[in-house]
Amino acid sequence: MRRREAILSLLGATGLPRAAAAAQDLSPETVRQMMRTLAGLEPMPGEEAGVRAFLLSYRYPHPSDPGVEPASTFDPRPKR
Amino acid sequence: MSRELLLRPLRELSRLLERREISAEELARAAIERTEAIEKDLNSYITFLPERALEEARARDRERAQGEAKGPLHGIPVSLKDVFDTAGIASTAGARFLEGRIPRTDAEVTRRLSRAGAVLMGKSNLNKFAGGESGENPDYGDMKNPWNLNFSPSGSSGGSAAQVAAGMAALSMGSDNGGSVRNPACVCGAVGLKPTHGLVSTDGMFPRAYSVDHAGTLTRTAEDAAVALEALTDGDYTSALSRPVKGLKLGIARNVFRLGEPEVLRVFDSVVKKLSELGCEIVDVEVPTPEEMMPAMYTIFFCEWGVAHEPWMRSHPEEYDGGARAALLISAADYLKAQQQRRLFQNRYAQALAKVDLLVSPTYPIVRREHRRFPVVEGRRLTLDDALRYTMPYDLMGLPAISLTGGFAESDAPVGFQLASAAFQEAKVLQAAHAYQSATDWHERHPSI
């Protein structure tokens, strides 16, 4: 799977049920490709089911609110 | 030296040291003997440092003799959850494969406690990588609750809470990114303070999730928490303790409340009654529900966790089973959308806190935490989300919150409650907690171990 296809498979929905359905459709080989291509990690044997379950549980379900600045902050003071 | 002495609040031990009625060496030796007697039951330490502690205590006594005592923590036995870097001492984050990780420098918390004259007893056991509230660790073994060894001290700072409750240390530092200081404090009968995000430095603290990580204190009283926070921040938190709480407005978010075992709810009702008797005004408020907040919390949490742990996810993949490495598949867009939502939640919390001085709630919906099993409440087995529903919001919002004992379900089962405030209002949180402890004696009960 190419990177674009992998990303599209993750962007399948704005609501959790649709995201869950998209993740459920992922074959073990697709999951392995995603781990290699998107996470940059070599898949472990048997890891696919756990990754799919994770994606089912933790895809962020809500649409963007363009008027709201995300809460992430940057502290300009250097830290070690 | 008696067990009863070791169970006295930090502030009392401090006064005994100041008056030279005991020495730091005597106190450290007593804490070592107590630890050697009960540690096999509690499994609270990953690294216990008796020889180092005695050496450090003798140095503290010499400093005091030379008129160089550094303040109320001088000579006090303390422990650190094993997420705080200690120069020259293994800092494992609860993972055995990190035993060879020996930092060259101290975490800022370690440095500040050392600068304040505290005596380090050791590095406390925790849930592996500070994840979860079960008090379990597959590498170092389950931690046990000193009130009843059949149960968990909760987590992830379970070793720290057990040590403070059992008199092995007068102060222990924990970390909190979902309730990991407050939940163990709750079931161990201790006081757990999670300050405003960033108030206590997390520099040199093993990361879990950067924007929700907090360093916090476990002590036996709110006054002790105030004393510790002063050493950790240079702020003034003890002056406010004597202020009356009459007229303080306490908010109860009834749209969130009422999940818990019956004794949790009964104790909470009695706490509200007592706070009312002290002159606090009880006001109903509305805040975002945990059900609303959890998706944003988990997206932010796992994304940051994946980034923080990527090197080890790569080098030790077997340590991250169950699909945990999928954290690195969370998209930047999802992360930022969750951060947008976080901002909206912040606004709603600000609206609620504009009406009241403090929010009050139970800390933990569970009275006795079994290892590997949640209890059934109202016909449903609780989940991790349920267990964190009262504590997690203050991590995501970065607001200060404290847990203290509000009663007992049985003679061996303390039940806590939580007070929280707007950012950087720790003095107000501590003031109310101290007033409650001054009017009750729950914190004077100790486990029989």
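Let's start with the two domains of chain B. Their C-alpha centres, domain 1 to domain 2, lie 22 Å apart. Keep in mind that this is a predicted model. The domain assignment puts domain 1 of chain B at 3–238 and domain 2 at 249–444. How many residues does each domain bring to the contact? Domain 1 of chain B brings 45 residues, and domain 2 of chain B brings 43.

Look at the domain 1 side. Three elements of chain B each supply at least two residues there: α7 (182–188), β5 (191–194) and α8 (222–233). By residue class, the side of domain 1 of chain B that touches domain 2 has 20 nonpolar, 16 polar and nine charged residues.

Now chain A. Chain A has 80 residues, and buried residues make up 25% of them. The chain has four helices and zero strands. So much for the element list; read from the N terminus, the order is α-α-α-α. What about contacts inside chain A? Take those with a separation of 6 or more: residues 24 or more positions apart account for 52% of them.

Last, the interface between the chains. Here 26 residues of chain A are in contact with 29 residues of chain B. On the chain A side, α3 (28–39) and α4 (48–58) each supply at least two residues. Which element gives the most to that side? That is α4(A), with six residues. The chain A side divides into 16 nonpolar, four polar and six charged residues.

How values were computed:
Residues are numbered from 1 along each chain as its sequence is written. Chains are lettered from A and ligands numbered from 1 in the order in which they are written. This is a predicted model: local features need pLDDT of at least 70, side-chain atom pairs count only at pLDDT 80 or more; totals for chains, interfaces and linings use all residues. Domain bounds come from an automatic or database domain assignment. Two residues are in contact if their C-beta atoms, placed from the backbone, lie within 7 Å. Ala, Val, Leu, Ile, Met, Phe, Trp, Tyr, Cys and Pro count as nonpolar, Asp, Glu, Lys and Arg as charged, and the others, Gly among them, as polar. A residue is buried if 20 or more other C-beta atoms lie within 10 Å of its own, exposed if 12 or fewer, and partly exposed in between; C-beta atoms are placed from the backbone.
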